[in-house]
Amino acid sequence: MNWVNRAVDAVCTYYGRYPVPHVSLSVLVRGRPGVHGGVTYPAHNGARTRIAVGPGTTPDQLNDDWMLTHELIHPAFPYMSDEHHWIEEGISVYVEPIARVQARQLSPTKMWHDVVRDMPQGEPEAGDEGLDHTHNWGRTYWGGALFCLVADVRIREQTHNRKGLQDALRGIVDAGGRINEDWSIERALTAGDKATGTTVLMDLYREMRDKPVTVDLDAIWRKLGIQRRPGGDVELVTQAPEANIREAITKPEKVEPPRAELQPSVPR
Ligand SMILES: [Zn+2]
């Protein structure tokens, strides 16, 4: 229950509330120790999530788990057709660690360390035809996350750091864009842009949908003040030109997140 509550808290912290009225969560006890096999579908009043926890899973494994948070973010975006699956996964991949930092479950240094390590998996490889037409694992999960990172930084640059991707994603939920609504990607991104007063999401979508756009990640880490050390550690540099943007991305709002009401039904 503590593991479920932590994941719900992280999602509520990022979105300001839980995005759908009801989630049916099935936890299957099977497989190796640890959390695995999470999957989320639309349902009548919200969503249905299924996830497995192996017998012998330790409390540390549950406290370090990212997968349930990832799954419980999925209800906060409308259902897309297959070619836009990358935006659904990209949002969950990008938002999950940020939500956990905002909920004080993960340190910003550890988060950026992992993001810097993993984000290059989203860059296009030879033969890539853009995010809408390249459906391999790297482009679906990390290509989508790369889109979110670039969008977040651009929105903050254009709004003097007053708005970010978080505002766009909350705006999409506020406009009714949840997993049990079947929307076009244009409708979702336009709702997000409206919430930030920019056109960043639609512009970036037009840039990346049918072309292999390589993002200069080193330039982004440099301006955000994320410095890699030879041993693999990262150091967050406060004097970097956009250190304020890096800090704003993981800064929790002052409002206390509403606590989810959990009604467990355990089969006997
Ligand atoms: Zn997912």
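Me: How many salt bridges does the rule count come to?

Reply: The count comes to 14 salt bridges, where a salt bridge is a side-chain nitrogen of Lys or Arg within 4 Å of a carboxyl oxygen of Asp or Glu. The model is predicted, so local features need pLDDT of at least 70 and side-chain atom pairs count only at pLDDT 80 or more, while totals for chains, interfaces and linings use all residues. Residues are numbered from 1 along each chain as its sequence is written, and side-chain values use heavy atoms, with hydrogens and water left out.

Me: Why is the contact of D128 and R139 called a salt bridge?

Reply: The N to O distance between the side chains of D128 and R139 is 2.7 Å, and the limit is 4 Å, so the pair qualifies. D128 lies in the loop between helix 5 (108-118) and helix 6, and R139 in helix 6, so the pair ties together parts that are eleven residues apart in sequence. Helices here are DSSP runs of H or I with at least four residues, and strands are runs of E with at least two, numbered from the N terminus. Both D128 and R139 are buried, that is, under 20% relative accessible area, whereas exposed means over 50% and partly exposed lies in between (1.4 Å probe, protein chains only).

Me: Where do R206 and D203 lie, and what class does each have by accessibility?

Reply: Both lie in helix 9 (residues 200-208), three residues apart, about one turn of the helix. R206 has a relative accessible area of 44% and is therefore partly exposed; D203, at 32%, is also partly exposed. The salt bridge between their side chains spans 3.4 Å, N to O.

Me: How do you know which residues are the protein donors of the zinc ion?

Reply: Donors are N, O and S atoms within 2.8 Å of the metal (3.2 Å for Na, K and Ca); water is not among the atoms, so sites may look incomplete. H70 (NE2), H74 (NE2) and E89 (OE) lie 2.1 Å from the zinc ion, so they meet that limit. Along the chain the donors follow the spacing H-x3-H-x14-E. H70 and H74 are buried.

Me: What makes strand 1 and strand 3 a pair?

Reply: Two strands pair if DSSP finds at least two bridges between them. One of the bridge partners in strand 3 is V53, which faces V29. The open sheet of three strands has the order 1-3-2, with mixed pairing. Its edge strands are strand 1 (22-29) and strand 2 (35-43), each pairing on one side only.

Me: What is meant by the largest nonpolar core?

Reply: A nonpolar core is a set of buried Ala, Val, Leu, Ile, Met, Phe, Trp, Tyr and Cys residues joined through side-chain atoms within 4.5 Å. The largest has 72 residues, and Y15, Y94, M119, F147 and W221 are those with the most contacts inside it. Helix 6 (residues 137-158) gives the most to this core, with ten residues.
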